[in-house]
Every structure is written in structure tokens, then in C-alpha cells.
Amino acid sequence: MAHKLLYIETFGCQMNVNDSERIVSMLADLGYAATDDPATSDMILLNTCSVRGGAEEKVYRRLANLRIYKRGGKKQIIAVGGCVAQQEGEELLRKLPYLDLVIGTHNLHLLPNMVRGAERGERRSETTFIDNEQRADLFPAIKGESRLSRFVTVMQGCDNFCSYCIVPYVRGREISRRSTDILTEVRQLADEGVREVILLGQNVNSYGLKTASEPTFAELIHQIAAIDGIDRIRFTTSHPKDMSDELIACFCDVPKLSGHIHLPAQSGSDDVLKRMGRGYGRESYLDKVGKLKALRPDIVFTGDIIVGFPGETDADFEQTLSLMEEVRYIDLFSFIYSPRPRTRAAELADDLSRTVKMARLDRLMELQRRHTREISHTYIGSVMSVLVEGEGKLPGQVSGKADIGRTVNFSGDSSLIGSFADVRIVKAYPNSLLGEPL
Ligand code: SF4
């Protein structure tokens, strides 16, 4: 029934990817279908992220590029959503006469009405934060093509105010979704054939802690694991300070829980962690990693590290490298520090030269490449249970995710899609594994 085309570009984190899916699902009711081609689209939406420095300029540049499609009197809606929209608000409409809509991080539910208005030529910006009571209702389920693995939002926002982070200012304070709504959504997904759910939030570990009537995140995982049809549970992202013993125990007690955890350390130096306001030190982080490894020896870690935080000394940086040696992440997202507006760290002197920051990042990435290589090679010869999600890279191959979150390609036909297959790993690449079916 769709007769209009929607082109979305998504920047940043998984929350934005999930929001983009929600936007596609909401606008399908207005007759929009997703397209990869901005030139022929009826609406262009940039779903933006402002976590890293330079994000605002990037959005302005991208919008300037995209506006060419609107020239010549073409009726095309151009919209900006996500964190930069939240941050800049009306200012974006004022500066960019060709822009039609600015939609803040708490206002997605208004989008269909805003789009109807824009179709009649109205320009509008909505960036009002909504109080937590109302927000619990604002997580419309994503409709659309059925998939085997789906994200389920369990909480949004953040109360931690790490000194470098803009998220609490652009995503708002932490709110946990009602567990009854989450469980209903997961049951519906299971009925639709979904086999894996990925529980999503800025800090899922603190789910429910501020609402006495709600379960803890560990309890929620147990409740989801009891739903027939759901065979695997993942979650992202975790704050180490809220990684409770109860949650750690789930990695032993809940066989459906994936053996991969994303646990961002950000630094291995106590001094830097303190200035970042992270609420944990090196020892406590490593203690949690040690407990997880003891309970689930095959567990796989990924993480985030910020390089060149204000005042980071050579010794601090060496501490980060030694933390990496102790944890041995399979993958690491590493970034050079850049000050973000309104954050406490923006008031600290950004005292390291670009050359020093780059040299540190290069060393860190080199170490990470070695760890990824070494860990991946230990999988050769092992057997993994793979949820087959689609065609593989090469003809005659299928592809899916192993329990540890790695992509595995192996020979097989499309009749395997939707099932779990036991696969022996024969080769390891930097981002995937090659296997053969048993
Ligand atoms: S925990 Fe810290 S880094 Fe993560 S979103 Fe919250 S404020 Fe940002």
C-alpha cells in the first residue's frame, strides 16, 4: 500500500538504530516505505548522534549535501532527529530554511502528526522532554518484516552524568519501561517466530532499581528466559558499577543468556576513572570481570575506551593497556576524547596534543588487533551453536551469530534459516569466523 519513500541515515549507537526502525514502522502507517536512494525519496530523515565531537558540524554538512535533492521545486520533507536535534532544536529550523522538521529524543510519538503537517507545508520543531510517568508509555513496538533477532527497549536515558558524556542532556533522565509491557512484547515476538531478543538501554544494569514495584534486571532476564520460543537473550549496554552479583550469576544460571558481554571500562587508570566520574575503580572492574570468567569460562568481553582524557599521563595510559591485557577483549571501541558542550569535562583543560592522542590510539588499536586475532584463533576446531539468520557472504553459504556474538559463515542452504546449527570453526577472520556444518 506504500506509495511514498522514506530515506533514513542513522548515526551513532544501537539506540538510534532501534529508533530508526521504530520510525520506519510508525511512518509505514502513513504510506511510507524505506528506500536507499535519497534522490527519489519523498522524505529524508537524519537520525543523529552527538556523543563525539564535531557531530553538529557533520550534520550541517550532510544536510547541505542532501538539500540538492529538494531543488527545482521538488516536494520533499527533510527532517532531523536524535541527539543533535534535541541539542539544537529550533535553531536548526532558523538556520536552515529548507529543513522541515526537528524531532527530539522524547518526541518520536509526535512524528506521524508532524509529517502530516509537513506534507501540508508546515515546519515544526518538537524537543520538549517528557516526564518519566508519561514516557513509560512511549515505546511503540516495532512492526515490520519478521526477523529472528529483535531489539527490545527496556530502559532509556541515564542518571550517571559521567563527566565527559552528553547523553543525560540529550536523552534525558533514566526511565525503566514497565516489565509487564516488556514481557508482553517479548511474548508477541516469540509468537512471530523471533528466537533471540537483545535487551536495549543506555545502562540496562540499572533497570528497575528506581521503581520498587519492578523487578531487577537479573529478575527480568529470568522472566524473559521462561518465555517459550525465545532461545537466546543478549543485552547492551552495561555500566560496570551496576553489574551486581545477582546479574553476574545469570551468566551461570540462565543458559539462554549469551556468553558475550559489552562492559565499557573507558580507562584502566583510577585517577582518570575518578575524573570521568565513573563510580568504579580499576580493581572493582577487574573483580567483576574475574567473577564473570569464573562463572562462565568461555565468556567474551567487548568494551569502550576513551584515549587522551584531560590529564591522562603516560602512566595512566599504560594502566589502560595493562587492563586490556588482563581482560582480553575480543573487540574494543576506542575513541579519542573530545569535549562535549554542557559536560563537566568540557571545563577541564584538554591538555594533550593531537599527536600524543593519535600515538596512544595507534598503540591501543595495535594491541587490540593482536587480542582479537589470538582469541579468534582459539575458536578454530571448536563447535558453536549458530542461529542462522540469512544468506552468507558467498553463494552456497549461510550466516548467523554464535552464542559469543561472532558472525559465523558456513556452507548450507536457505532451509537452515531460522534454526540453530552446530558448526565446527575452521578459520578465523578479524570480524567473523568460517565454519563447516556438523
Ligand atoms: S553511563 Fe555515563 S557514559 Fe554511559 S550514557 Fe550514562 S553518562 Fe553517558
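Modeller: Domain bounds come from an automatic or database domain assignment, and for this protein that assignment gives domain 1 (4-128), domain 2 (132-258) and domain 3 (383-437). This is a predicted model, in which local features need pLDDT of at least 70 and side-chain atom pairs count only at pLDDT 80 or more, while totals for chains, interfaces and linings use all residues. Residues are numbered from 1 along each chain as its sequence is written, and side-chain values use heavy atoms, with hydrogens and water left out.

Taken over C-alpha atoms, the centres of domain 1 and domain 2 are 27 Å apart. Where they touch, 18 residues of domain 1 are in contact (heavy atoms within 4.5 Å) with 20 residues of domain 2. The buried area, meaning the accessible area (1.4 Å probe) that two parts lose on being put together, summed over both, is about 1900 Å² here, and carbon and sulfur atoms give 57% of it. Of the area that domain 1 buries against domain 2, Met15, Arg22 and His106 supply 34%, more than any other three residues.

The rule finds two salt bridges across this interface, a salt bridge being a side-chain nitrogen of Lys or Arg within 4 Å of a carboxyl oxygen of Asp or Glu. The side chains of Arg147 and Glu21 also meet in a salt bridge, at 3.3 Å from N to O.
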